[in-house]
Amino acid sequence: MSHFKVRERDLFFILRNQLDYASLCKLDRYRDIDGETLDMLVSEAVKFARGVVATLQEIGEQWGVVYEEGEVRCAPQFREAFGLYGENGWTAAARDPEYGGQGFPHMMRIVINDLMYGACQSFNMAPSLTHGAAHLIETFATPELKELFVPKMFGGMWAGTMALTEPNAGSNLGAIMTTAYPEGDHFRIKGNKIFISWGDHDLTENIVHLLLARIKGAPDGVRGLSLFIVPKMRVNPDGSLAGPNDVICTGIERKLGLHASPTCSLSFGDNDGCIGYLCGQENKGLSHMFQMMNAARINTGVSGMTLASTAYHNALAYAKERIQGRDIAGRKPGYVLILDHPDVRRMLLWMKAMVDGMRSMIYTGAYWSDLALEMPEGEERQYYRDLTDFMTPIIKAYCSDMGFRVCETAIQCLGGYGYCKEYPLEQYLRDAKIMSLYEGTNGIQSMDLMGRKMLIRGGAPFNAYTKELKDFCHQYAQHHSLGEYVRMVSEISDQVEQVAIEMSGKARSDPLQWASYTYPMLLCFGDITAAWRLLDMAVIANRYLDEGNTDPYYVGKVMQATYFVSVCLPMTMARLKTCTRDAREVVEIPDEAF
C-alpha cells in the first residue's frame with residue numbers, strides 16, 4: 001500500500017466550496033477553461049501522484065544518490081518519472097502554450113505541488129525547480145534564448161536549478177563573488193556555488209542553471225548582481241548539445257533528510273570554459289530572481305503542509321487499526337482501538353485542524369496571486385498584489401514550522417512504531433525539517449513580514465490583510481452557531497493588529513529588541529490566519545448541517561474550527577504579550593553567559 005494518503009474531498013471543499021476557483025475562468029487568460037476542466041486536472045494530478053510519484057518515495061530513500069568522479073547518479077526510476085512528468089504536462093501546467101504550457105491558472109501549480117510533494121518530496125523538487133528556472137527564462141530572456149531552452153525544460157528533456165548560495169554568501173547575497181566576464185554575445189562565468197538542490201544528476205541530458213553573478217566592474221552588493229543562464233552542456237543554435245560547459249559537481253551533502261535529492265557543490269569555469277547568457281537586464285539579477293524565490297518560498301510552505309497532511313492521514317489510519325489498552329471510561333469491553341483514547345484524539349484533532357487550516361491558507365494565497373497576476377491593471381489588481389505580498393512570508397514560515405510539528409505529533413500517535421522505518425512518518429519528519437531553513441530561514445521571513453511588508457507602499461499589504469480579516473469577522477460576528485468564535489477571532493486579531501503597529505515603530509528606534517520578537521509575531525499572524533480560514537470553512541459546512549445533512553464530514557469541519565479557536569488562540573494571546581515586553585534579556589545577555 002502506498003505511503004501517500006490524501007483525501008480529495010478536502011482539496012475540493014477548499015477549491016470549490018470555499019474559493020469557487022472556477023470563477024478564475026472569468027479572467028481573460030482562462031476564458032477557454034471551465035470549472036469541470038479544473039476539477040479534472042486535480043483528479044488526474046491525484047492519480048499521477050499516487051500511481052507514479054509516490055512509488056519513488058521508498059526507492060529514493062533506499063537508493064539515495066551516488067557521487068563518483070564528478071558525476072551524480074540517481075535511482076533509474078527517477079529518470080523515467082521525470083520524463084513522464086514533463087511529457088504529461090505537469091511541469092508547465094500553468095504556463096503559456098507558446099512554449100509548451102497548458103495555460104491553466106497559476107494557482108493550479110500550487111495544487112499540483114501539494115500532491116506531488118506529498119507523494120515524494122525529494123523527487124518533486126527537480127521538476128519544481130525546473131519549472132521555476134524555465135519560467136525565469138520565459139519572463140526575462142531574449143526570444144532566441146526562450147526558444148532554445150524553455151520548451152525542452154517544460155517538456156521534461158532538460159532540468160533546471162536556482163544557483164545562488166556561495167560559501168561566504170548564504171542569506172547575504174550581496175557577498176556573491178561569482179564573476180561574469182563579457183565576451184561577445186555571451187559571458188565567461190567563474191565561481192563556486194554550494195547547497196544547489198538537484199545541481200547535478202542523470203535524470204536529463206542537460207541541466208540549466210539560473211545563476212547570480214557579478215559582471216566584471218559592476219557595483220558591490222546586491223545592486224551589482226545579474227542573472228545568467230548557464231547550461232551544464234553547451235547548446236548549439238539548433239538546440240543540439242555541443243559538449244561540456246565546464247560546470248563540475250565537486251561534491252554532495254550528507255543530509256538529515258531528502259536523501260534522494262542531491263544537494264551539490266558546483267564549480268563554474270575552473271578551466272575558463274564556462275559560458276553563460278544574460279537573462280534580463282544587467283545588475284537587475286536579484287529583482288529578476290525574486291520571481292523564482294517568492295514562488296519557492298510559497299512552495300516551501302506547500303511542502304511543509306503536504307508532508308503534514310500525509311503524516312496526519314497515516315496516523316489516523318494507524319489509530320483506526322491499532323488495538324491497545326482499555327477504554328478509560330469503560331464504554332467498551334476489552335481492549336479498544338487507540339482512536340478511543342482521549343489523548344490520541346486530541347492529537348488527531350489538532351493535526352486535522354492544522355492541516356486543513358494551512359491548506360486553506362495556501363490555496364487562498366494562491367487564488368489571490370492569480371488575481372494579482374491576471375486581473376486588468378488597476379486598484380483591485382494592486383490590492384491582491386498587496387495581499388499576496390503579505391501572505392508570502394506567513395505561508396513560508398508558519399506552514400514549514402507547523403508542518404514539522406504535525407509530523408512530530410503523528411509519530412507520537414503511533415508510539416514506538418512511529419520512530420521506526422517500518423512506517424513513513426520518521427522520513428516525513430526528517431524531510432520536513434529543511435523547510436524552515438530553505439529560501440531564507442524563518443527568522444528572516446519574520447523580519448521581512450514585520451519590516452518591509454508592514455511598511456512598503458504606505459502599509460498597503462498590511463492594510464489589505466487586515467481588511468480581509470475584518471470583513472469576514474463583521475459578516476459572521478452574529479452567526480447563529482459560530483458567532484462567538486468569530487467574535488473571539490475578531491478580538492484577538494484586533495490585538496494582533498495593534499501589537500504589529502507598535503512593533504513596526506520599533507524597527508528603526510530599537511532594531512535589536514524589534515528583531516528579538518519578529519518570529520513569535522509571525523506565528524501569531526499564522527495562528528489567526530489559520531483560525532480565520534478554518535472558521536470560513538465551518539460557516540460553509542454549517543449550511544449543510546442546517547439543511548439537515550448529517551454527514552460527519554461537515555461536523556468535522558465545524559468542530560476542528562471551534563477547537564482551534566478555543567484551544568490554540570488563547571496560547572496565541574500569551575505569545576502576543578511577549579512581543580511587546582520591555583525586558584531585554586535576548587539582546588543584553590553577555591555572550592560569555594550562553
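This is a predicted model: local features need pLDDT of at least 70, side-chain atom pairs count only at pLDDT 80 or more; totals for chains, interfaces and linings use all residues.
Reader: Okay, where do Lys557 and Asp356 lie?

Author: Lys557 is in helix H17 (residues 552–578) and Asp356 is in helix H9 (residues 342–374), so the bridge ties together parts 201 residues apart in sequence.

Reader: Are Lys557 and Asp356 buried or exposed?

Author: Both Lys557 and Asp356 are buried. They also belong to a network of salt bridges that includes Arg7 and Asp10.

Reader: How many salt bridges does the structure hold?

Author: There are 37. One of them joins Arg95 and Glu138, whose closest N and O atoms are 3.3 Å apart. Arg95 sits in the loop between helices H4 (76–87) and H5 (107–119), while Glu138 is in helix H6 (residues 121–140), so that pair connects parts 43 residues apart in sequence.

Reader: And why does Arg95 count as buried?

Author: Because its relative accessibility is 6%, and buried means under 20%. Glu138 counts as buried too, at 9%.

Reader: Switching topic: what about helix H8, how far apart are its end C-alpha atoms?

Author: They are 50 Å apart, which agrees with the 51 Å that its 35 residues (285–319) should span at 1.5 Å a residue.

Reader: Where is the kink in H8 centred?

Author: On Gln291, and the kink is about 35°. H8 is mostly covered, with 29 of its 35 residues buried.

Technical notes:
Residues are numbered from 1 along each chain as its sequence is written. Side-chain values use heavy atoms; hydrogens and water are left out. Helices (H or I, at least four residues) and strands (E, at least two) are DSSP runs, numbered from the N terminus. The expected span of a helix is 1.5 Å times one less than its number of residues. The bend at a residue is the angle between axes fitted to the seven residues ending there and the seven starting there. Buried means under 20% relative accessible area, exposed over 50%, partly exposed in between (1.4 Å probe, protein chains only). A salt bridge is a side-chain nitrogen of Lys or Arg within 4 Å of a carboxyl oxygen of Asp or Glu.
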